[in-house]
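Colleague: I have a few minutes before my next meeting, and I would like to go through this complex with you. Could you put it up on the screen?

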Amino acid sequence: MLIKIPSSSTLKTSDITDESVYIQRRQLVKSMGFLGAGALLGSAISHKANAGFFDSKDADASFKTTALNYKADKDNLSLIRTPEQKVISHNNFYEFGAQKNQPAELSQNFKVNPWQLTISGECENPITLDYDDLTTMFALEERIYRLRCVEAWSMVVPWIGFSLAELLKKVAPNSSAKYVLFETLFDPEQMPGQSNRRLGGGIAYPYVEGLRIDEAMNPLTLMSVGLYGKTLPPQNGAPIRLVVPWKYGFKSIKSIVSIKLVREQPQTTWNKLASNEYGFYANVNPAHDHPRWSQASERRITSGGLFAKNRIETLPFNGYGEQVAHMYKNMDLSKYY
Amino acid sequence: MLLTTSNKVILVKFVIHLAAFLPLLSLYYLAFNDQLGADPVQEVIHFTGIGAFNLILVTLTVSPIAKRFKLGYLLQVRRLLGLYSFCYAFLHLLNFLMFDLQFAWSLFFNEVVKRPYITIGMVAFILLAALAVTSLNRIKRKMGKSWQSLHNYSYFIAILVSVHFYWSVKSEILLPLFYMSLTLILLAFRYKKIKELILSIFVKKITSK
């Protein structure tokens, strides 16, 4: 199905860094290193810079993605997309390390085939999808969405996938299915953050997220299997992840193995960790600050270095109010943040 | 080694300049050219922030080492290290204002007042600035005894900075806890002095009543 985004929220002209140019730059960074940084400044940062020596794109060790067949999103071509290299190198995926650059470096040997995704719980026909089913069971379409992180940065990503609603219709939820519970793979051998407290950032594993059933059935809610025309790299949640564009990024759970239809509102990872900072709903809301920083504006990550003028106003529901605001009509959004 | 004491001081200072200044050159060169990862803004903020904290801790390590190994001349490099600490802290703040908030002044003032961890960071910065300004020999001489009492705030600054760091992270508290322990260890070397300082505050209060 085709999602129309109102023209009021669209931007102009494309601004994508050519991949080869980007890689050349990375080589330069690598060859320069951080001379001297280790001597006095030591610690985490230079460790991070040194790690750059291993994130080489030319190494055969890097994860192989494959091209996908999909229907292009022609309605949002005017959104300035975040360059692909930035989308796949700046990730919050604590299973592979809590620093932004770590997932891309520590996930390249991640095995996504075979994979099993089980949809079960309060439904008529529970099913299990295999790796091939993920990209063949439904017609794939591109969705160019804004992604707003709770940390107040944002991107624009051309996802490829299918509506979660289509998948849920297949299992036929029963009348007791009030919420949907999602779970990331738990495999400490492959996901070093799950066994190493320092890498994993101190959150509970497996990562768990949830949606209300109407949110899950909203046509915007996407099960993504790819981005920028290819299957997902591990750092972005291969082989299948959720994308809920009107909510903060942590709701969009990665590398999903289980989707369960449940009766009660699930206990979700960040909400459990700090419920005053991360609500269950986590709708993008410029009027409701995170206790430690403002959510009124955001930095849109595109190309451009330090002087990129990229601070923009944050929009209610991340600009998708027309499609989703009706679901929260009678709710106090400052209470149900 | 036949180095004279003043040559030793010059040598150590030279090493400090290299180790503290070169990383900044490389950092900003890469960041201006968008070669510092996907989000150079976050990168420069974190680098200068951690760098400032590292330098503060190194500064606080000098006296215990000089005492333990009888290397009195080392005391002469504390000012340089302190000034670099201030320099990194200043860049940290400037990065936040210029590149993250992009001169949204009202947002800046709001954040400084509303977010306790930023308030604490700001207090630490102001104190550090006071120490930097009064590090000039002429001012130092004019201040007499009060110079030392002012510069005793360096211990307080280290504590503020460790709290600022701890409070700023989402869940990855191990590194901030490590830094906090380093801070406490360095302060433990000054146990007697700090105890006297705290006592003197109470004594002043009582006598002034």
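Colleague: What are we looking at, and what ipTM and pTM does the model score?

Modeller: This is a predicted model, and it scores ipTM 0.88 and pTM 0.86. For chain B the average pLDDT is 94, with 97% of the residues scoring at least 70.

Colleague: Fine, let's take chain A. How many helices and strands are there in chain A?

Modeller: Chain A has eleven helices and twelve strands, and of its 337 residues 45% count as buried. If you take the contacts in chain A with a separation of 6 or more, 71% of them come from residues 24 or more positions apart.

Colleague: And which residues have the most contacts inside the largest nonpolar core?

Modeller: Those are A:V180 and A:F182, in a core of 61 residues. Strand β4 of chain A, residues 153-163, gives the largest share of this core, namely six residues. There is also a second, separate core of 40 residues, which includes B:L27, B:L57, B:L91 and B:A158.

Colleague: Staying with A:F182 for a second, what does A:F182 touch beyond its sequence neighbours?

Modeller: Leaving out residues up to four places away in sequence, A:F182 touches A:V208, A:E209 and A:G210, and also A:L242, A:I253, A:I256 and A:I259.

Colleague: Now the contact between the chains. How many residues does each chain put in?

Modeller: Chain A gives 39 residues and chain B gives 39 residues. On the side of chain A that touches chain B, α1 (19-32), α2 (37-40), α3 (43-51) and α8 (197-200) each supply at least two residues, and the largest share, four residues, comes from α1(A). Sorted by class, that side of chain A has 18 nonpolar, twelve polar and nine charged residues.

Colleague: Over to chain B, then. Which residues does UniProt annotate as "transmembrane region"?

Modeller: The UniProt entry, which is unreviewed, puts that annotation on residues 12-32, 44-62, 83-105, 117-137, 149-167 and 173-191 of chain B. In the model, residues 12-32 of chain B are 100% helix and 0% strand, with end C-alpha atoms 31 Å apart, while residues 44-62 of chain B are also 100% helix and 0% strand, with their end C-alpha atoms 27 Å apart. The same record, again as an unreviewed entry, lists "domain: Ferric oxidoreductase" for residues 52-160 of chain B, a span that is 83% helix and 0% strand in the model and whose end C-alpha atoms are 13 Å apart.

Colleague: Changing topic, where are the cis peptide bonds you flagged in chain A?

Modeller: One runs from A:Y205 to A:P206, with omega near 0°, and A:P206 lies in the loop between α8 and β6 (208-212) of chain A. Another joins A:A238 and A:P239, with omega about -5°, and A:P239 is in the loop between β8 (230-231) and β9 (241-243) of chain A.

Colleague: Last one: where does A:F63 lie, and what does A:F63 touch?

Modeller: A:F63 is in the loop between α3 and α4 (84-87) of chain A, and, not counting residues up to four places away in sequence, A:F63 touches A:Q108, A:F110, A:P233 and A:P234. A:F63 is partly exposed, with 18 other C-beta atoms within 10 Å.

Definitions and conventions:
Residues numbered from 1 in each chain as written. Chains lettered and ligands numbered in written order. Predicted model: local features only at pLDDT ≥ 70, side-chain atom pairs only at ≥ 80, totals over all residues. Contact = placed C-beta atoms within 7 Å. Nonpolar A, V, L, I, M, F, W, Y, C, P; charged D, E, K, R; others polar. UniProt positions renumbered as here; feature names shortened; annotations may be inferred. Buried ≥ 20, exposed ≤ 12 C-beta atoms within 10 Å, placed from the backbone. Core = buried A, V, L, I, M, F, W, Y, C linked by C-beta atoms within 7 Å. pLDDT = per-residue confidence, 0-100.
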